Amino acid sequence: MGRVHSIETLGAVDGPGLRMVAFLQGCPLRCKFCHNPDTWDFSAGREMSAQELCDQAKRYRRFFGEKGGVTFSGGEPLAQARFVRECVAALHRSGIHCAVDTGGGVASPEALLLLDEADLILLDIKHSEAGGFRELTGGDPAALDRVLERLARTRKPVWVRQVIVEGFTQSEEQVRAMMRKIAGINAVKIELLPYHTLGAHKWAALGLSYPLQGVKPPEEKAM
């Protein structure tokens, strides 16, 4: 059983082709720019069996085509690695492509095995320096380093993403540091994503103070 926040059908930006995106509940990071703070709580969401999730995915199979499939996002899917591994195994038996969208916030033995078994990893590099990572996410950068070490060893295809945030990652120096950090992995795609405030209302709804109040999205020229 796993805890699922929500399921989006026919997503077009969470991996190749059209995909069903399962947003899992629970995340150990507290990113200042998080647009899904409602996924942090590990006890929230709804319980769902791996078979139930896979049966739902099969209903959309005809829309996936050759490139599409299922993406596990969150929250942090590596935090529910055992559940996701069971889902991936079942989906693979049906010939469905599986991607894992992660911030690298968990590096347990189960999480590393999940990295091995998924077809594609979408890896969000929050910040490339230990101090900046802690300030921006409140998490331990050592977990991300172990994830990168595993991906370098397996040569699993990875889409690398970094959110460009003024005061944190919006500099040529930081982008170059990110490029050095991922040098050993099989990065088949690299995306720089402009910070946005679309999730700020969720912080307010949860009674939380939005930590990047006043920080503006980067201008197109900066990107």
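A search of the whole structure finds zero disulfides, a disulfide being a pair of cysteine sulfur atoms within 2.5 Å. The model is predicted: local features need pLDDT of at least 70, side-chain atom pairs count only at pLDDT 80 or more, and totals for chains, interfaces and linings use all residues. Residues are numbered from 1 along each chain as its sequence is written, and side-chain values use heavy atoms, with hydrogens and water left out.

Select Cys54 and Cys87. Cys54 takes part in no disulfide, and the nearest cysteine sulfur, in Cys87, is 4.7 Å away. Cys54 counts as buried because its relative accessibility is 0%; buried means under 20% relative accessible area, exposed over 50%, and partly exposed in between, with a 1.4 Å probe and protein chains only. Cys87 is likewise buried, at 0% relative accessibility.

**Second stop: the whole chain**

The chain holds eight helices and eight strands; helices (H or I, at least four residues) and strands (E, at least two) are DSSP runs, numbered from the N terminus. Along the principal axes, the C-alpha atoms fill a box of roughly 45 × 40 × 35 Å. For 223 residues, a compact globule would have a radius of gyration near 17 Å, and the chain agrees with this because its own value is 17 Å. That radius is taken over C-alpha atoms, and the globule rule is 2.2 Å times the number of residues to the power 0.38.

Of the 223 residues in the chain, 48% are buried. Among contacts with a separation of 6 or more, 69% join residues 24 or more positions apart, where contact means heavy atoms within 4.5 Å.

Two packed helices are described by the angle between their axes and the distance between the axes. Select residues 109-117, helix H4, and residues 141-154, helix H6. Their axes come within 10 Å and cross at roughly 35°. Axes are lines fitted to C-alpha atoms, for helices over the stretch in contact, and angles run from 0 to 180 degrees between N-to-C directions.

The crossing of H4 past H6 is right-handed. A crossing is left-handed if the near helix is turned anticlockwise from the far one by less than a right angle, and right-handed if clockwise.

Which residues of H4 and H6 meet? On H4 they are Leu112, Leu113, Leu115 and Asp116; on H6 they are Arg146, Val147, Arg150, Leu151 and Thr154. By class, this contact has five nonpolar, one polar and three charged residues. Here Ala, Val, Leu, Ile, Met, Phe, Trp, Tyr, Cys and Pro count as nonpolar, Asp, Glu, Lys and Arg as charged, and the others, Gly among them, as polar.

Select Ile121 in strand E6 (residues 120-124). Ile121 counts as buried because its relative accessibility is 0%. Leaving aside neighbours within four places in sequence, Ile121 is in contact with Val100, Thr102, Leu115, Leu151, Lys156, Pro157, Val158 and Trp159.

Next, select Arg155, in the loop between H6 and strand E7 (157-164). Phi of Arg155 is near 60°, a positive value in a residue other than glycine. At 43% relative accessibility, Arg155 is partly exposed.

Gly75 lies in the loop between strand E4 (69-73) and helix H3 (81-93). The peptide bond from Gly74 to Gly75 is cis, with omega near 15°. Gly75 and Ile121 are 46 residues apart in sequence and 15 Å apart in space, C-alpha to C-alpha.

In strand E1 (residues 2-11), select Leu10. Phi of Leu10 is near 60°, a positive value in a residue other than glycine. Leu10 counts as partly exposed because its relative accessibility is 36%.

Then move to Arg46 in strand E3 (residues 46-48). Is Arg46 buried or partly exposed? With a relative accessible area of 39%, Arg46 is partly exposed. Beyond neighbours within four places in sequence, Arg46 contacts Gly2, Arg3, Val4, Ile7, Glu52 and Gln56.

**Last stop: Gln174**

Finish at Gln174 in helix H7 (residues 172-181). Gln174 is buried, with a relative accessible area of 4%. Not counting residues up to four places away in sequence, Gln174 touches His127, Ser128, Glu129, Gln162, Phe168 and Thr169.
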